[in-house]
2 protein chains.
Amino acid sequence: MKEKLALLKTRLAEISDLGQAASIVNWDQQVNMPPGAAEARGNQLAILARVLQEWSTAPELGKLLEELAPYAETLDPDSDDARLIKVSTKDFHKATCIPTEYVVEFNQVTAVAQQAWVEARQESNFAHFLPHLEKVVELRQRYASFFPGVEHPYDALLDDFEPGMKTADVKAIFNTLRPQQVALLQSIAAKPQVEDAFLHQPFDEKKQWDFGVEIISKFGYDWNHGRQDKAPHPFTQSAGRTDVRITTRVYPDFMNTMLFGTMHETGHALYGLGTAPALDRTGLDGGASLAVHESQSRLWENLVGRSLPFWQHFYPRLQEIFPAQLGSVSLEKFYQGINKVQPSLIRVEADEATYNLHIMLRLEIEMALIEGKLAVKDLPSAWNSRMQDYLGVTPPNDAKGVLQDIHWANGYFGYFSTYALGNLVSAQIWEKINQDIPDLAGQIQAGKFAALLTWLREKIHVHGRKFEPQELVQKVTGSSIEPAPYMRYLKGKYSSIYGL
Amino acid sequence: MKEKLALLKTRLAEISDLGQAASIVNWDQQVNMPPGAAEARGNQLAILARVLQEWSTAPELGKLLEELAPYAETLDPDSDDARLIKVSTKDFHKATCIPTEYVVEFNQVTAVAQQAWVEARQESNFAHFLPHLEKVVELRQRYASFFPGVEHPYDALLDDFEPGMKTADVKAIFNTLRPQQVALLQSIAAKPQVEDAFLHQPFDEKKQWDFGVEIISKFGYDWNHGRQDKAPHPFTQSAGRTDVRITTRVYPDFMNTMLFGTMHETGHALYGLGTAPALDRTGLDGGASLAVHESQSRLWENLVGRSLPFWQHFYPRLQEIFPAQLGSVSLEKFYQGINKVQPSLIRVEADEATYNLHIMLRLEIEMALIEGKLAVKDLPSAWNSRMQDYLGVTPPNDAKGVLQDIHWANGYFGYFSTYALGNLVSAQIWEKINQDIPDLAGQIQAGKFAALLTWLREKIHVHGRKFEPQELVQKVTGSSIEPAPYMRYLKGKYSSIYGL
């Protein structure tokens, strides 16, 4: 069995190495590729995806996993080897459930749909996107049919992003969360609003960038295993534990995008950089799920980066860098400004109090589409009425409404909820950290993040993909994913800012 | 047969796409990779190389090529399809002649040898490199044995860089060239020397960079299909015709490295960008050989970039950018300075009059090593005595002598001669261009390069790898590779500079 296990690890290492190479090619596409190389890049990525798909579904791999199943049962179920066999077996079965023709068709349809979405959004013309989205929805419904054992068709989609998570769980969480978020929003709206005009001023781009570098270097981002580049749509790319890169967008007249975007992506990167070296090249390196990943990015961006202790440390430095813009803005005003609550149309610009409401309406619509209860043509009205219900605003056009996100054009159904789940998990973890590190606020106020990062490394990062998200959250916090800590966090924060 | 041909093209496109993906990963390694990712990158590149090797030697590919051989004979022998079958058949046979174990051993030995070379060079300690180089030489001798049909064992090595070229041809060319180069050098040495101290001054790096961009934009480098980055060892990387990137090194106190390096790499890039689109994804895109590639880089760097008409156009602009450094240096002095002849120890710093002599001594040594006529342990003395004979200088230590180049540590035997052959070809082409574009000097003086680039495109670039180098040079210039035009060029140039 030792020999078979060694052979399995060799096969998985090959697949992992190839996937990392594809990551680099993808990163290059988004950061460095000359515009005229797009068609060739499509071919390069397609061939890598094909080899990866072939290797991930190779019968030899399946046979190895089958032979190793009884052996796995003799091991400590939480050991690396037991988990390796378990997770790889699930990965293999999922990959082999999907016919190759489906993969080809899905890639073709979404490539065309993506282009149609770009055009439709530019013209704010949902009708132009409609036939493409109809095909995508049909494809996603068909995808669910490859997994006839699931309770709910949406489960199959969700599992790609949140392994082991069920639609019923997500529904239950969001049904508890929604009325509390709406109520909080209403109580904030009833109070005098805060000022944030000073955030919209010219800020030298190079100085912004350097300030971001200062912050994330203190967070512990390891430049020996990372780098930061500009990109129009910021993302983090891992090519294994030793190479996790972030990208950032900088606006010359609004600093928040660079500032919180840099901290957000660094949160993702610290997770990828913290996996146990023993999991290198196994396919178990990387994050437990998108929600757990998002818990890390949102923790550094919001729980740390939008907190008062953080700015008690960093604000004097920021004022020193931008004296003309911020010299006369007090710390309190600044802190309030970056935490201003304002129901708005666009998800990616939403504040912490409204963000989850954007997600919930998307989740409800996605589920209705997959269940066949909502026709694609009725999407705009479903969208707009929910926006009014949850956020009290109605999009003036579809570009600022149902056409704002690329996810559905990409075929990503089941993805959005991970953003909101990530917020919840970040607050659950935060409460636990504050128990374990009672002096956390003091440390942040002193610009010290080592204890925080060590905690996250030891409790979360090291495990990579060994545990499913619910299992990991349970292990770390003592309960499964739940909304109460996040609501406690929001209420505490906004009570002090808005005097609730 | 049409179907088989289509299938062949599909297979070759897949191999080409994968090779391009590997090019991007390699480029990233040299330009962007965080230092701590080296080990992972080695694994990523190794798996891509393995897939490429497997696909390039797949029995199905061999069968297709065999079946298509009679069909190829019915076609115009210079047609794309006939050449595709011919070149791919040769590639396939060469790839299948080499046992996989050899490839693995070669990669292992050269990886270790490379590291040993770095250390040996730092300490100027040839003995430290000796056992590794002995292994490499033995491996290269073994390589030759996989091709028992060759006239001379060195032919097998040469063919990897100069398809179809024979050791006897190269010997004959260099035997004619050597005494003429030595005589020219002696006649220059007998004259008063020129001044170039003004080239060694502080030059702002950003201004240097921008000036390089100005020049190569005028050359016609297409930024929609290329980009320029800094790299410690400048190189050009093609990922297909639509993505050919250059890299540059900049020194703060010496401008020539940036200036001529940028033009040199652009020459390579223009070649790659000019292949006929019909050859995309066939494996026939790219250059005919390293010598033909070098003819393009050296043409733009030297025939254009070190010429008087070029500086008649660009020197006023350069003086404007660096008034303090060059305001009082006349055009004539500048032109003489950048063309100063100075026998020196280091190949990469050599001027046009001495460069080929560095190559010839390497070629003679390589051949003697492969033939077994020179023992590796006797290399330093063989090197030093030839340096004295050809260039009149003797290295004070091995770091500045036999240890200066990385090529042998990499296992590149047969590579060096392509540099000198490229010089010869550049002059042959140049004479032909001047016949076809009588006003060429005037155009360059006016900063116009379009007619020159069009000529190179139509006569050379479009053909990609369709023709072997000797065949291509014959087609373009009417004779095979020969030294006379290069010597005419050198004598003409240095007569005016040194008053020979």
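## Basis of the report

Rings of Phe, Tyr and Trp (for Trp, the six-membered ring) are taken as a pair if their centres lie within 6.5 Å; planes under 30 degrees apart count as stacked, over 60 as edge-to-face and the rest as tilted. By this criterion, one aromatic cluster is formed by Phe198(A), Phe211(A), Phe219(A), Trp300(A), Phe310(A), Trp311(A), Phe314(A), Tyr315(A), Phe334(A) and Phe449(A).

The model is predicted: local features need pLDDT of at least 70 and side-chain atom pairs count only at pLDDT 80 or more, while totals for chains, interfaces and linings use all residues. Residues are numbered from 1 along each chain as its sequence is written, chains are lettered from A in the order in which they are written, and side-chain values use heavy atoms, with hydrogens and water left out.

## Aromatic pairs

Over all chains, the structure holds 62 aromatic pairs. In one of them, the ring centres of Tyr102(A) and Phe146(A) are 5.0 Å apart and the planes stand at 85 degrees, so the pair is edge-to-face. Tyr102(A) belongs to helix α5 (residues 100-123) of chain A and Phe146(A) to the loop between α6 (126-145) and α7 (153-161), so the pair ties together parts that are 44 residues apart in sequence. Helices are DSSP runs (H or I, at least four residues), numbered from the N terminus.

In chain B, Phe310(B) and Phe449(B) form a tilted pair, with 6.4 Å from centre to centre and 50 degrees between the planes. Phe310(B) lies in helix α12 (residues 308-321) and Phe449(B) in the loop between α18 (440-445) and α19 (450-459), 139 residues apart. Both Phe310(B) and Phe449(B) are buried.

## Interface of chains A and B

Chain A and chain B each give 35 residues to the contact, defined by heavy atoms within 4.5 Å. The two chains bury about 2800 Å² between them, 56% of it on carbon and sulfur atoms; this is the accessible area (1.4 Å probe) lost on being put together, summed over both.

Six salt bridges are counted between chain A and chain B, each a side-chain nitrogen of Lys or Arg within 4 Å of a carboxyl oxygen of Asp or Glu. Glu14(B) forms a salt bridge with Arg50(A), their closest N and O atoms being 2.9 Å apart. On the side of chain A that touches chain B, the elements giving two or more residues are α1 (2-31) and α2 (38-56); α1(A) gives the most, with 10 residues.

Methods
Buried means under 20% relative accessible area, exposed over 50%, partly exposed in between (1.4 Å probe, protein chains only).
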